[in-house]
Amino acid sequence: AFSGKDPTKVDRSGAYIARQAAKSIVASGLAKRAIVQVSYAIGVAEPLSVFVDTYGTGAKSDAEILEIMKSKFDFRPGLIGKNLDLCRGTSNGKGRYQQTAAYGHFGREDTDVFTWEKVIPLQ
């Protein structure tokens, strides 16, 4: 549950960057399906792990797709907030997140507000 969570917390920001990465893998034609998993530990700047599974639909191996993805995405918690502009808005981003109360956080078309929905081209 994201409600009430500060946008800098990895519960929220990690889910957003994983969504953007998976969506970018599929939109770039690297796979027909993809899941991106990221795990974090308190006080550790780098994620403990970043994992990609394309369920056998990848145009390349999952390991190759992971390296391509990691070259375009920075999964460090502090930079996720900066790169996705998560604190923009009123009162530490809360006005912005009120829009997620109706129709949720994902599958939105307004990439100016829902920056995590923007596809990053991957080669």
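Student: Is D74 buried, exposed or partly exposed in this one?

Tutor: This is a predicted model, and in it D74 has 23% relative accessibility, so D74 counts as partly exposed.

Student: And which residue does D74 pair with in a salt bridge?

Tutor: That would be R76, with the closest N and O atoms 2.6 Å apart. R76 is at 30% relative accessibility and therefore also counts as partly exposed.

Student: How many salt bridges are there in the structure?

Tutor: There are 3. Side chains of opposite charge can pair when their charged atoms come close.

Student: Which residues are joined into one network by shared partners?

Tutor: R19, K23 and E117. The closest N and O atoms are 2.9 Å apart for R19 and E117, and 2.7 Å apart for K23 and E117. K23 sits in helix 1 and E117 in the segment after helix 4, so this pair ties together parts 94 residues apart in sequence.

Student: Nice. Is E117 buried or exposed?

Tutor: E117 has a relative accessible area of 2%, so it is buried.

Student: Let's switch to the nonpolar core. Which residues touch the most other members of the largest one?

Tutor: I25, V36, M69 and F75 do, out of 24 residues in that core. Two or more residues each come from helix 1 (10-27), strand 2 (49-53) and helix 2 (62-72). Helix 1 gives the largest share, 6 residues.

Student: What does F75 contact, leaving aside its neighbours within four places in sequence?

Tutor: F75 is in contact with I17, A21, V36, V38, Y40, P47, V50, M69, K70 and I80. As a general point, nonpolar side chains tend to be buried together in soluble globular proteins.

Student: Back to helix 1, then. Which of its residues are buried?

Tutor: Among them are Y16, I17, A21, A22 and I25, and the buried set also includes R12, S13 and Q20.

Student: How far apart are the end C-alpha atoms of helix 1, and what span should its residues give?

Tutor: At 1.5 Å a residue, the 18 residues of helix 1 should span 26 Å, and the end C-alpha atoms are 24 Å apart, which agrees.

Student: Last one: which residue with a positive phi follows helix 1?

Tutor: G29, with phi near 80°.

How values were computed:
Residues numbered from 1 in each chain as written. Predicted model: local features only at pLDDT ≥ 70, side-chain atom pairs only at ≥ 80, totals over all residues. Heavy atoms only, no water. Core = buried A, V, L, I, M, F, W, Y, C linked by side-chain atoms within 4.5 Å. Buried < 20%, exposed > 50% of the residue type's maximum accessible area, 1.4 Å probe, protein only. Helix = DSSP H or I, 4+ residues; strand = E, 2+ residues; numbered from the N terminus. Contact = heavy atoms within 4.5 Å. Expected span 1.5 Å × (residues − 1). Salt bridge = Lys/Arg side-chain N within 4 Å of Asp/Glu carboxyl O.
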